[in-house]
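Dear colleague,

I am handing over the structure that we discussed, and I would be grateful if you would look through it. My findings follow below it.

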Amino acid sequence: MSDRTSPESDRRSAQSSPRAGLFVVLEGGEGAGKTTQLSRLDQWLQQSGRSVVRTREPGGTQIGERIRTLVLDHGQGEVDPRTEALLMAAARAAHVEQRIRPALAQGAVVLCDRYIDSSLAYQGAGRGLGVEPVAQVNHWATDGLSPDLTVVLDVIPELSRQRRSDRDGGSAGDRIESAEDSFHATLRQAFLDRAAQAPERYLVLDASAPVEQIQQLIRDRVAAELGDHQ
Ligand code: T5A
């Protein structure tokens, strides 16, 4: 095997690539409030004159959005866990290559709704594929690109179910959302475990707090990160 294909060389190449911007990811269970918080953060950053690219996973590119439809919609039939993990990673590879790296190289703040930790939680822990193999596939797919900051909105399964039900008018939601509370409890623990492994790169917030209170804590941390990058 050539050195170029080893995880160590992937890590070196990712670290040496130009990166003038800031990569911020929001993670958490369904209905945690990621979209709500990202929208406010986006507005605030733009008002302060920052260049912002707001995006989501799966999605963010033409092919990624097609994969999103394929994997999330009802009516496609069951998707087995490995196929699901590979489709998420494929969408992510396109996203990093076509959208995230170019934006970071131009100095933008990239705000992303979900990233690798969602695959580790949903496919690795939730679907039982194991966190390590899913991490390896995603490391390769992204050439080792890690967020500067990951905000985990920590939501208990009962609140997650309540918010989804309120939003969807009591419907079951998309195929993945309709899984039961124990699955969501597993996801929650997986997000918390990831954060505990690298606390300096994570901000864990209680998703049941008022929207504006959560937003202020996120802004404080992002402002500090931007200060570090100036
Ligand atoms: N997936 C994704 C994988 O399995 N593997 C992967 O690798 C990736 C990337 C994505 C699905 O794909 C899976 C995970 C997901 O199942 P999605 O539709 O993007 O699907 O799902 P979510 O990301 O979970 O989006 P949601 O819309 O469900 O949740 P959000 O964005 O976290 O929540 P938001 O902001 O829409 O808020 C939900 C409701 O709660 C209210 C809001 O007003 C809204 O009604 N709310 C609050 N209410 C009170 N207090 C607060 N603090 C509130 N914050 C929000």
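The secondary structure of the protein consists of nine helices and five strands, in a model that is predicted. Along the sequence, these elements follow the pattern α-β-α-β-α-α-β-α-α-β-α-α-β-α. Of the 230 residues in the protein, 46% are buried. The exposed surface comes to about 11300 Å², and carbon and sulfur atoms supply 50% of it. Where contacts join residues at least 6 apart in sequence, 78% of them link residues at least 24 apart.

In soluble globular proteins, nonpolar side chains tend to be buried together. The largest nonpolar core here has 22 residues, and those with the most contacts inside it are Leu45, Leu111, Val151, Leu153, Ile218 and Val222. Two or more residues come from each of β1 (22-28), α2, β3 (109-113), β4, β5 (202-206) and α9. The most is given by α9, with four residues. Val222 is in contact with Leu22, Leu41, Trp44, Leu45 and Leu149, leaving aside its neighbours within four places in sequence. A second, separate core has 15 residues, including Phe23, Tyr115, Val134 and Leu145.

Strand β4 (residues 149-154) also holds Thr150. Thr150 counts as buried because its relative accessibility is 4%, against a cut-off of under 20%. Residues up to four places away in sequence not counted, Thr150 touches Val25, Glu27, Asp117, Arg201, Tyr202 and Leu203.

One of those contacts, Asp117, is among the buried residues of α5. This helix is mostly covered, with nine of its eleven residues buried. The buried residues are Ile116, Asp117, Ser118, Ser119, Leu120, Ala121, Tyr122, Gln123 and Gly124. Their cover includes β1, α4, α6 (131-142), β4, α8 (181-197) and β5. Just after α5, Gly128 takes a positive phi of about 80°.

I turn now to the ligand. It is surrounded by 27 residues, of which the closest are Glu30, Lys34, Thr35, Thr36 and Ser119. By class, this shell has ten nonpolar, seven polar and ten charged residues.

- A polar side-chain atom of Ser119 is 2.6 Å from an oxygen atom of the ligand.
- A polar backbone atom of Ala209 lies 2.8 Å from a nitrogen atom of the ligand.
- A polar backbone atom of Ala32 is 3.2 Å from an oxygen atom of the ligand.

The ligand taken alone exposes 1000 Å², and the protein buries 82% of that. Which elements give two or more residues to the shell around the ligand? They are α2 (34-47), α3 (62-72), α4 (81-105), α5 (116-126), α7 (157-167) and α9 (211-229). The most comes from α5, with four residues.

Helix α5 gives the most to the shell, and its buried residue Ser119 is one of the closest to the ligand.

With kind regards

Notes:
Residues are numbered from 1 along each chain as its sequence is written. This is a predicted model: local features need pLDDT of at least 70, side-chain atom pairs count only at pLDDT 80 or more; totals for chains, interfaces and linings use all residues. Side-chain values use heavy atoms; hydrogens and water are left out. Buried means under 20% relative accessible area, exposed over 50%, partly exposed in between (1.4 Å probe, protein chains only). Contact means heavy atoms within 4.5 Å. A residue is near a molecule or strand if one of its heavy atoms lies within 4 Å of it. A polar contact is a pair of N or O atoms within 3.5 Å; within protein, one must be able to donate a hydrogen and the other to accept it, and residues adjacent in sequence count only if both atoms are side-chain atoms. Accessible areas come from the Shrake-Rupley method with a 1.4 Å probe; for residues, only the protein chains shown count as cover. Ala, Val, Leu, Ile, Met, Phe, Trp, Tyr, Cys and Pro count as nonpolar, Asp, Glu, Lys and Arg as charged, and the others, Gly among them, as polar. A nonpolar core is a set of buried Ala, Val, Leu, Ile, Met, Phe, Trp, Tyr and Cys residues joined through side-chain atoms within 4.5 Å.
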